[in-house]
Amino acid sequence: MTKYTALLFMIMLTFSSCKKSFDELGMDVNRPGNVPPSLLFNGVLNNLYDSPYGDSEKWSQYFLQNYDYYGNNRYDFGSGDNYYNTLKNVLKMEEEAKRIQLPDVNAYTALAKFLKAYFFTKMSLEMGDIPMKEALQGLDNLTPVYDSQKDVFKQAFEWLESANNDLTSLQSSANDLQGDIYLDNDLQNGKRS
Amino acid sequence: MRKLYTLLMIFLLVEISAFAQKMNIEGTIKTSKGEALPGSIVLIKGSPGGVSAGMDGKFYIKAQNGEILVVSFIGYETQEITISNQSIINIIMKETAQQLNEVVVTALGIEKQKTNLGYSISDINGNEVVKARDQNPITGLTGRVAGLSVGQSPEMLRKPNVLLRGNELNLYVVDGVPISSDTWNISPDDIQSYTILKGPTASALYGSRGQNGAILITTKKGSGKKGFSVEFNTSNSWDNGFLAFPRNQKEYGGGENCLYAFGDGKGGGLNDNDYDVWGPKFRGQLLPQYDGIYHPDETFTTTFPGGLEYTGHIEPTPYLARGKNNLKNFLQTGFQTTNNISVSSTGDNYNLRLSLSNSYQQSIIPNMDLNIYNFNIYGSYNISRRLKVEGNINLNRQGSENFPDVDYGPNSIIYNVATWTGADWDVNDPKIRGIWQEGKVGTQSVFAEYQRYHNPWFMSYEWLRGHHKTDTYAYVSANYKIDDHININLRSQISTYNLLRTERMPFSAHPYGREENSGDYREDHRNLFDNNTDIQIIFNYSVKNFLNISGLAGGNIRLFNYNSNFTTTDYLNIPNVYSFSNSKNPVQSNNFESTMGVYSGYGSVDLGFGKFATLALTARADKSSALLPSKNTTFVYPSVSISTAINQYVKLPEVISYFKLRGSFASVRGASTSESIGTAPFNTITAVGGGSSNSIYGYPLGYGNNYLSPYGGPNFNLVTPYNISKDYNNQAAAGFSGNLVDPNIKASNRVNFEGGFDLRLFKNRVGFDFTVFQYLDGPSILANSISSTTGYETYYINALKTRKTGFEASLSVSPVRNASGLQWDVVLNYDTYKEVYQELPAGQEIYQRFFKVGDRVDKLYSSDFWRDSNGQIINDNNGKPIANPVPQYLGDLNGKFRWALINKLNYKQFSLAFQFDGNVGGVMVDYLHNKTMRGGSNIETVKGAFGVARDLDDQNAGDPNWKGSYVGEGVVVSNNVPIEYDSETGAITNYSSLQFESNTTTTQVQDYISKYYNISRANLMSKTYTKLREVTISYDLPANLLEKTGIGKCTISLVGRNLIYFYANKNFTDVDLDQYNYGTGSTGLQSPTTRRFGFNINVVF
């Protein structure tokens, strides 16, 4: 009896050998929990551009479409651009820059101000009043209130002022910026544009 | 004193002699079918106490010669056996005529008497399904079980859609152990019986995997009788005749607005690239075509009827319908053969069975076939009277060098031959069959067009997709009988597969996203390893004759591991060298890995109150790592069921031979897992046409089918990391997850109430089983949409409750049961269900834009026409219909009910069986109809008013002033007032200010149809259909013929499957509804379905 029990127990252990703890078993090893801010910067810049063959180009009358199979030339405006997801990545970029212990004023935070100004004003030009002050807070605020277009622009100008000052002061110091696909990481170019 | 002493001596003597003569008696109690009867009571007549038979029907008792053993069990005739010098007494119990006494296999492989079950269960003998065989063991179950819907796919290697009460079933259990299966890794010849557990109560012991029920398969374990036996089976069938086939016109060829001239097939001619089938009519007129002779120094001018001229270097040839039946001529006869040989041996202490099968299928599409090899070995050995060990390994290998992918796109035969090219080219033309252009073998193919479409022979013979999968499932178990009432079971089981899929895309192939014509090579590797180890204590006690307590308590550890890798070249340098080293641009690769651990404890108790009732209780607790990082990783769920056979204790009218009531309740929880997984989970590859993805269903290409393989592991929906993609120039970019997750999120929930009865009348000549059920699903783990201004798109919370109610009924009648041997049995199955929203997420009145509490969850909202108050279609000022900007309710996706009628006639050695089944109700959009109408290849475009107008368009081809002749039905707004509508419902709000008049604007047929048939309403098809599913004639060779050959039994059957497809509206007979048995808004493309004829020979030695 005991001989068999020992054997059975051994079999059970062999087949269910788990070297990982319960928490380790549930981990997602495929995707990172933290990334360098340069990767976020790259992603944001990719979302920045307007590709050709969009409805915006048709409405701005850069081309006509007269083949019913693929579309038509009606002015059925839908919703405007939605950059809130990209703006969240801009905020994450600032967070990750802080996490890798870059100085408080660095290339990423400076450019973040510019990007925020750019995206918010672009959306506001298309849709008018949009949430801004209470937006991008995730679980803390699931129903952000709308801000007036005037307030959005006022904040945007403050950001641009601040960004300009930051970029000027950063030019003289070492450049930590990476991931720039347009202007080759040169802050001088960034400031100019 | 002396008298007392004598008395004492006599007494003692008698005692001693009695004691001396008490023997150990053992035996096995079985039914006349050879199944064990656990729990049978064995008493010695006149003595107190007794024993009950164990799980395998074995009993041990001490008795002496002359004593009478009384053996009894509910539903069987009690037997009395006088002991006379036997030490082994095997008893066969006869059923009393009245009730159902079959033993069925229930959850965890436990056999129980069907009469004691409080929930709905169906069992089917494997041999019945094998006779009318299908290569796939599950497809043969179509229509046989009310509530089970099997939607067969016409594509090779695609698994059938198996639904139980409308939910996809993915728990397959073989001999008590769950396996990972896509249904192709089980050999039909090894199956002894199927048990279908229809609801959560039945499968509560399997935990969250059993939420939607389960199919339990019991494999053959030897013939049951002592000795050696061999069984051989061969099944062969051919495909002949089409049921559903695309309906193409053969009057007009490729082109646009009746204009076409071949230049280079890439836009150098007139509408000669990526064209529709709206080209010129076949009138024998001279036109430059793909196989015309090219003259470098000479040009030719073609003038179209409307005045337009085209000048080019290709000599015009007569434009005729050379390829009137391209698709039919291209497809070949399909063929399937399955052969199996099995050897089994049974002895006193052991049982052994070996089985080897090979299944070969040749597709109706040329150069595509599939080979499946299956090897199964089972052995059991009784080491001692108390200890038994068992083991089983099943090895399955699927291999195909080339299988079809007909999903919508240039990679699909149906797309190329039946949708987007016309009859102007002939599939049997030697140049087209030759595939390659002269001097350019391997680099440039021949076809009528060179930008978007492909030569079908090229697609079948040069563009190869390989699939090789090795599937293994195995278990080892040991059972130790502590005593007659308790035994302990220890088992470890694995289910694992290794899959390799490849694609060799040659030069000259140009599907979506791969327009450079420079070929590609891709590999998709997937490996899954799932291990379950169980320990169970199984007990069976009887209290007097009245109460029987049986059940088990157990624990399970499940460890799961999966990894996959998808790698592809980014174009090739050298043609025909399919290797990653030959990649022109950097090789792209994506990999994925996941692990999961589930620790469980479970128990079940069955209380049998004599002949009155049986009460069963189960409980299970799981701790799953798939719920991390939530704090609530443990969940508990119970079930209770009760059954009572009223006829056993109440005197019912004689006509009723059996009447049982049953009821049950179960609660099942689910973690964040998915039953299947895609090609590139969390895909980061964007260079080859696909997009990055944060789901396990990610797909890296822009075309083709995303093959889903069985999974069952975590889907990481509750984890919020960064996602990487390579958006620009192969550089990595990151984006944060768009999901928010409630940190206290819990497992999802399903509560099931079920009740029903089983009735048998006229000595079992008429049977009626009825079950009514209700599933309360929720709160589920819901991906709830939130305002994107928060920066996130989805918030995972426990919310949303739905209620599904339905019932199943099965009526079986034996109108004829003759003494001469004629027997006729009829079975009619019926099932229906409906699911509605019961509770929406907090604070929401509307869900997913249109649904309110009480609405069916399967309402189809899609595009519809705008109509005036008289129901007339409103057109715009160009004479084309306006689509309502708000999607409208078009119908329900699921049918009202499903039914099946199965007839069986037996006369001596002959039997004839035929089956009809079908679905009533439900709607769906026919995607192929949409594309063939808008593309101009559908036969409806040349009939009736369309046909007349199309001909006129052709007579005016190229005339810039020709405005067409077709006048669309309906009205136009005549007073220039813009239409105002409600943005939520799409209803027009200013009817009073609008004025309408009949539409008089003419259009060209192509433009009108392109607009009209883009609206879902125009392609909406009903899902009501009926099929003559199968006809089987079989003959058992008589015993006297076989006497000398040594053959024990030989059966020959002739089989016809999928014989007739009844569908009301012929416009939609381009789709076979079998594979759309689930609620889906739109069809895809499918290969034509065929009739199948074959024969089956079964020999037992």
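**Two chains, value by value**

User: Why does B:Thr183 count as partly exposed?

Analyst: B:Thr183 has 18 C-beta neighbours inside 10 Å. A residue is buried with 20 or more other C-beta atoms within 10 Å of its own, exposed with 12 or fewer, and partly exposed in between (C-beta atoms are placed from the backbone). So with 18, B:Thr183 lands in the partly exposed class. Bear in mind that this is a predicted model, where local features need pLDDT of at least 70 and side-chain atom pairs count only at pLDDT 80 or more, while totals for chains, interfaces and linings use all residues. Residues are numbered from 1 along each chain as its sequence is written, and chains are lettered from A and ligands numbered from 1 in the order in which they are written.

User: Where is B:Thr183?

Analyst: Look in the loop between strands β15 (177–179) and β16 (191–197) of chain B. Helices (H or I, at least four residues) and strands (E, at least two) are DSSP runs, numbered from the N terminus. B:Thr183 isn't a glycine, yet its phi is positive, about 75 degrees.

User: What makes A:Gln61 count as exposed?

Analyst: A:Gln61 has 8 C-beta neighbours inside 10 Å, so it counts as exposed. You'll find A:Gln61 in the loop between α4 (55–59) and α5 of chain A. Its phi is positive too, near 65 degrees, and A:Gln61 is a residue other than glycine.

User: How do you know that α6(A) is mostly covered?

Analyst: Count its residues: 15 of the 21 in α6(A) are buried. Helix α6 covers residues 107–127 of chain A and reaches 30 Å from its first C-alpha to its last, close to the expected 30 Å (1.5 Å times one less than its number of residues).

User: What makes the peptide bond from B:Gly778 to B:Pro779 stand out?

Analyst: That bond is cis, with omega near -5 degrees. B:Pro779 sits in the loop between β41 (766–777) and β42 (780–785) of chain B.
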